[in-house]
Amino acid sequence: MTTTPSSALDDVPIPTPEGTAAPAPAERRSRLLALDGLRLVAALMVCLYHYTGRGGTISESWHQSPSVVFPTLSRAAVYGCFGVQLFFVISGFVICMSSWGRTLGDFFRSRVSRLYPAYWVALALVTAASLVLPAVIAPVRLDEFLVNLTMLQQPMGATRVLGVCWTLWAEVRFYALFALFVVVRGVTYRRVVLFCSVWVLALVLCRTTGNALTDQVLMPEYAPFFIGGLALYLIHRFGSDLLLWGIVAVALLLGQSEATRGLWHRTGHSDLHRDPYVVVLIVALSFAVVAAVALGWTRWASWRWLTTAGALTYPFYLVHEHLGWFVIRILHRFLGLPSAATLAATVLTMLTLAWLIHRFVEKPFGPRLRKALRGRDLPGRSPRIGF
């Protein structure tokens, strides 16, 4: 997904409440490493859902329903789609942290250079796969491919080449709202609290209007998770506060309502079902694990491999769906590999591909794109906006 790995957060100003000492770099790093681990967990949840917890195209790759291939695993994997909600909570936390003390221009450059290089490569790979194996994904027309390069294909009504990119459209809207109402004036405690409070009120009111435009802007189905993440970062930075925990509690209550109402009964296959009580539990756990990071309870999670896990999460998320279906079909149907071995091999293949994208695309070209976007210093430029 789209939050920044720990290795890229070393230049973020150290979060300290006024009048208190900054935590040591090692302590601060260990807390961020836990977030990287959570991001990979969320990505693997979504991956297992796409491979074993739904019907549709994946049933064709397995040559039968995942509920038959994996009768036990599929009953758990059907809840993997809620990894997206965990992503959104983490995103709220990290975006608030990484934008603190930065200009709007810095914020814009960091988001563009973080999102687009890996996205463009994943787009090209899936488009190429559509030409090799149309049974997994319909061949992509040139006009569809070109509009997908913008990451704005969903509001434009164009076909999505990457099935998972609908979440990126939600992230982009969150970035835009946060940038326009908070980052543009400088991120502060009061502005973030006001932003969260107004957003909660606005999304509740928009549910009463039935207006498609306000639904698109305010995102009532996803906003509670972003809001919860923002408030949890303030708790991490300034310490526990009844107002902040109140925002988190309201976000959790609204988020579980939206998730249960929107997803508990939809699985994509009649053999797979979700229990609404389990949905509520998973949403609550999504908030709880990020709260544990905010409170500093994850200092013990200091393994260096978590940095790599965080770095692989976004490219893995982008490529795992359609390309994974391609690999499953080849390994299981054409080569006759057992289902369990096919599943493991496919996940490892996608992780390897994600590492290649990170190593040879994100690492060299992300900083170059960020530098290129800095442009020239022009007379009359606003120092506050920083473009």
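Predicted model: local features only at pLDDT ≥ 70, side-chain atom pairs only at ≥ 80, totals over all residues.

**Salt bridges and helices**

Guide: Let's start at Glu-258, which is buried because its relative accessible area is 11%. Here, buried means under 20% relative accessible area, exposed means over 50%, and partly exposed lies in between, judged with a 1.4 Å probe and protein chains only.

Residues are numbered from 1 along each chain as its sequence is written, and side-chain values use heavy atoms, with hydrogens and water left out.

Now for the partners of Glu-258. Arg-207 makes a salt bridge with Glu-258, and their closest N and O atoms are 2.6 Å apart. Arg-207 sits in helix α9 (residues 189-209) and Glu-258 in helix α12 (residues 242-263), so this pair ties together parts that are 51 residues apart in sequence. The term salt bridge means a side-chain nitrogen of Lys or Arg within 4 Å of a carboxyl oxygen of Asp or Glu. Helices are DSSP runs of H or I with at least four residues, strands are runs of E with at least two, and both are numbered from the N terminus.

Arg-261 is partly exposed because its relative accessible area is 49%.

By the same rule, the count comes to nine salt bridges. Among them is the pair of Glu-362 and Arg-114, whose closest N and O atoms are 2.8 Å apart. Glu-362 belongs to helix α15 and Arg-114 to helix α6 (residues 104-132), so the pair ties together parts that are 248 residues apart in sequence. Both Glu-362 and Arg-114 are buried. Elsewhere, Arg-141, Asp-143 and Glu-144 are linked in a network of salt bridges.

Glu-362 brings us to helix α15, so let's follow that helix. A kink of about 40° lies at Glu-362, shortly before the proline Pro-364. The bend at a residue is the angle between axes fitted to the seven residues ending there and the seven starting there. Helix α15 covers residues 339-374, and its 36 residues should span 52 Å at 1.5 Å a residue; the end C-alpha atoms are 49 Å apart, which agrees. That expected span is 1.5 Å times one less than the number of residues.

The buried residues of α15 include Thr-342, Met-350, His-358 and Gly-366, along with Glu-362. Lys-371, also in α15, is exposed because its relative accessibility is 67%. Although Lys-371 and Ser-113 are 258 residues apart in sequence, their C-alpha atoms are 9.0 Å apart in space. After α15 comes Gly-375, with a positive phi near 65°.

An unreviewed UniProt entry lists several spans as "transmembrane region", including residues 191-210, 242-264 and 340-361. UniProt positions follow the numbering used here, feature names are shortened, and annotations may be inferred rather than shown by experiment. In the model, the span 340-361 is 100% helix and 0% strand, and its end C-alpha atoms lie 31 Å apart.
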